[in-house]
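Welcome, and please load the model in your viewer. We will walk through it one selection at a time, beginning with a sheet.

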Amino acid sequence: MVVEIVQGTLASVEMEVETAIARTSRSPMIRDAHDFRAGIHDRQLRKLTGRSYSALVHPVARDFPLETMKPGDVFFHNDVYESEGGIGHLPDLCVTVPVFHEGEVVCFVQAFGHHDDIGGATPGSMPSAATSVYEEGLMVPPIKLWDQGVPNEAALRIMTRNSRMPESLAADLDAECSACLMGAARLTELFERYGRQTVEGAFQAILDKTTETYRREILSKIPDGEYVWEDYAEHDGVDEPKLHTQRITLTKTSTGGPGDGPKITIDFTGTAPQAKGPINHCGDYADGNFLKKWLAPILRNLADTPERMGELDVNEGVVPLIEMKFPEKGTLLTPIFPAPTNARTFVILRLLGVLAGVIAKAVDGKMPADQETIRYTGVYGKDRDGKDYLMREVLGGGAGGRYYADGEDTIHVVPDSRNLPTEFTESRFPFLVERLGLAVDSGGPGRYRGGLGYEKHIRMLKDANFMSIADRSILACWGVKGGKAGRPFEVCIDPGGPEERYVDALADAEPVKAGQVIRIRTTGGGGWGDPLERPVEEVERDLRWGKVSFEGARRDYGVVASGTKEDPVIDAAATEQLRAQLRDGRGEEPFFDRGPGYAQLAGGATAADVDWL
């Protein structure tokens, strides 16, 4: 009973901290897009809550011994290379507050999120052609931002002076510090109510339960053996597009884990050298502690039911079950300072798919197809009053089809995050949102279709600059076990107009004239299973819903239809004949479908060696 109360209190405090930040912050990225998260960690630096991923306390404890901390202290850092792997790029700012009971640190409340601007070469602190971290903004190693309740005004002034958006940065930091201090007070009450020994015993029980659950319900589904797969980032903003390899060799053993039970080893050997541009990620710190918890949610797809999957938290209890092996320094996952990292999402998001793919090889495809559900787009310039503005948005995309269901449409990888409300953006920035809907035909065809991405049309009212930090514009989200790849990311300026042009997915300052439209189409998820096995009535439903076009139904599913979207008419005989022709025209197909873009970067090859079972 006490364990359940403690676990519920932790979840409640985490939610209360996030709610407080959302209500008191100022920047659209934090307040409206909700691109932040909170976490609670014990004095052993272990993450206790499991609703979302979070940064690490390790760098704070490394530089500030626990016995030197005082009530009211707030620690701050955003330095990628000093964060022990918990911070991926400089716009992610992290605050950490120790919790005290009877004069000693007993746990920590932490919040970190993506902020509008922390300096650097371009607005938004994400220069797509950066070749050094020094171009990306202000680096702050762990510092004491508040000392026993007193803010360090000098440090705050330095940070805001380096930001193009100083007022919102100051407000966001104040919101995050205050919310975490409030959370610390709530946890102090928990310790006062039950006592340190009881609460810390409950902490251990929570983590032990997670370890045992994943050992029994998840790892048991993976047959012992070694499995290899790889995927790629397509460009780094500096070199011409090419395959930047991320490879995982997964080894499952029945012994060697906690209590000599099962464990998995994730070996990244074969990952490409670090890129010149900003797609590197510092993953090899603290024994890969951050990456273990970042990747572990993929394992939940092995749960017995979707409902059970939703019940499984990812906290520090998963860490003992996973061993990580990193290549030598100088790769995409082991970059050497001062390699740039601002677009490291191209690597860490891809690793989610690589792990899903390598497990799919082990379990006959019973994992979701690929998804790529984060990219940064935005505009900046002068507003109606002649003042500088910056609007950035983290748009989602389609999730992969699953062996039991279609992929979800327009999901966001950050829990509770979302696109910016049109009413807000139109009132604050000089543009109109003329369309925000689903990108038709973007989901990968399959027995279970991939989820659809966004299609968004923005008409500029004043001259501006468009910016984009996005991947999957050449390579697509892969399909699995007969499923086909989804449609890639795409941006078009002035579509159908005299100056129509397609914009590279990595762009810092693409000029857009007043009156022109920016059309953004985000990625569709990969399909699962043979699309010719999709029931005709489900294709008909997709036609009615506008998720698949009549042309797409014929091309991708072999379904011949006429009529209107509101009243499609299926020609059953023609459909049966077309599907038979399409089946007869097939050759042997790989287990994974990467889409037509792969051949562009692979010298004409349509599949990699690892794509075959």
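Start with the open sheet of six strands, whose order is β1-β4-β3-β2-β5-β6 and whose pairing is antiparallel. Two strands pair here if DSSP finds at least two bridges between them; helices (H or I, at least four residues) and strands (E, at least two) are DSSP runs, numbered from the N terminus. Before going further, note that this is a predicted model: local features need pLDDT of at least 70, side-chain atom pairs count only at pLDDT 80 or more, and totals for chains, interfaces and linings use all residues. Residues are numbered from 1 along each chain as its sequence is written, and side-chain values use heavy atoms, with hydrogens and water left out.

Next, pick strand β2 (residues 74-77) and strand β5 (residues 143-147), which run antiparallel and are joined by three bridges. Valine 74 has tryptophan 146 in β5 as its bridge partner.

**Helices on the sheet**

Now show helix α1 (residues 2-24), which packs on the sheet and touches β1 and β4 (104-114). The direction of α1 makes about 145° with that of β1; axes are lines fitted to C-alpha atoms, for helices over the stretch in contact, and angles run from 0 to 180 degrees between N-to-C directions.

**Aromatic pairs**

Turn to the rings. Rings of Phe, Tyr and Trp (its six-membered ring) pair if their centres lie within 6.5 Å; planes under 30 degrees apart count as stacked, over 60 as edge-to-face and the rest as tilted. By this rule there are 19 aromatic pairs. Select phenylalanine 191 and phenylalanine 203: their ring centres are 5.9 Å apart and their planes stand at 75°, so the pair is edge-to-face. Phenylalanine 191 lies in helix α5 (residues 166-194) and phenylalanine 203 in helix α6 (residues 196-218), so the pair ties together parts that are 12 residues apart in sequence.

Another stop is the cluster in which ring pairs link Tyr53, Phe112, Phe290 and Trp294. Over the ring of phenylalanine 112 sits the charged end of arginine 37, 4.9 Å from the ring centre. A charge sits over a ring if NZ of Lys or CZ of Arg is within 6 Å of the ring centre and within 35 degrees of the ring normal.

**Asparagine 419**

Go to asparagine 419, in the loop between β12 (388-395) and α10 (422-428). Asparagine 419 is buried, with a relative accessible area of 17%. Leaving aside neighbours within four places in sequence, its contacts (heavy atoms within 4.5 Å) are Glu393, Leu395, His412, Leu436 and Tyr454.

**A second sheet**

Finish with the open sheet of five strands, ordered β13-β14-β20-β17-β18 with antiparallel pairing. Its edge strands, β13 (431-438) and β18 (501-502), each pair on one side only. Inspect strand β17 (residues 490-493) and strand β20 (residues 517-521), which pair in the antiparallel sense over four bridges; the bridge partner of glutamate 490 in β20 is arginine 521.

Key. Buried < 20%, exposed > 50% of the residue type's maximum accessible area, 1.4 Å probe, protein only.
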